[in-house]
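Dear colleague,

Here is the structure I promised to hand over, followed by my notes on what was found in it. Please read the notes with the model open beside you.

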Amino acid sequence: MKAATIVCALVIIASLASGASAADSEKIIRSALYPGWGQIRSGDYGRGMIFAGGELVSLMGLFISDLQYDRAVEDYEAARAAYFAADYIGDAEYYYDRMREKWDDAENLNTYRNAFLGAAIGIWVVNLVDAAIGEDEELSGLSLR
């Protein structure tokens, strides 16, 4: 959490020091706080919703895979304790196989966690780059002609 706070502070300082207009600085700051927010506030609804939706999906995937990982680790620990407490060879083999299975489950879920975390960070970085150098097109008003 400290790293995220430091990165957000650096982004805010860089946007203020870059000499960008107040609207551009506001867009960058809002985008640093949550991807897509700056784009939506400046009128780029499509890009903003893509960034916000992608970040939401990534964070939800990270949250769910983290919960599942914790459960798999708890199951592994229970199987490990049962394996060491087994006094019959059949029970020991069963709990050893179960322990290996839960270890593999935890490894797979850790891979998913890392993938979702990478996606969330990647979306955040691309969002900031888009907010900083994305061109604001002049939106024309609606016409009924």
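**Notes on the helices**

Glutamate 107 is located in helix H5, where helices (DSSP runs of H or I, at least four residues) and strands (DSSP runs of E, at least two) are numbered from the N terminus. This is a predicted model, in which local features need pLDDT of at least 70 and side-chain atom pairs count only at pLDDT 80 or more, while totals for chains, interfaces and linings use all residues. Residues are numbered from 1 along each chain as its sequence is written, and side-chain values use heavy atoms, with hydrogens and water left out.

With a relative accessible area of 40%, glutamate 107 is partly exposed, a class that lies between buried (under 20% relative accessible area) and exposed (over 50%), computed with a 1.4 Å probe on protein chains only.

Between the C-alpha atoms of leucine 67 and arginine 113, which are 46 residues apart along the chain, the separation is 9.8 Å.

The axes of H4 (residues 45-85) and H5 (residues 89-133) come within 7 Å and cross at roughly 160 degrees; these axes are lines fitted to C-alpha atoms over the stretch in contact, and angles run from 0 to 180 degrees between N-to-C directions. The two helices are therefore roughly antiparallel to each other, a term used for angles over 145 degrees. By class, their contact has 25 nonpolar residues, seven polar and ten charged, with Asp, Glu, Lys and Arg taken as charged, Ala, Val, Leu, Ile, Met, Phe, Trp, Tyr, Cys and Pro as nonpolar, and the others, Gly among them, as polar.

Among the buried residues of H5 are Met99, Arg113 and Trp124.

The chain has five helices and zero strands, and 26% of its 145 residues are buried. Its mean pLDDT (the predictor's confidence in each residue, from 0 to 100) is 84, with 77% of residues at 70 or more. Confidence is lowest in helix H1 (residues 2-17), at a mean of 59, and highest in H4, at 94. Where pLDDT is low, the predicted coordinates should not be read in detail.

With best wishes

Definitions and conventions
Angles under 35 degrees count as roughly parallel, over 145 as roughly antiparallel, 65 to 115 as roughly perpendicular and the rest as oblique.
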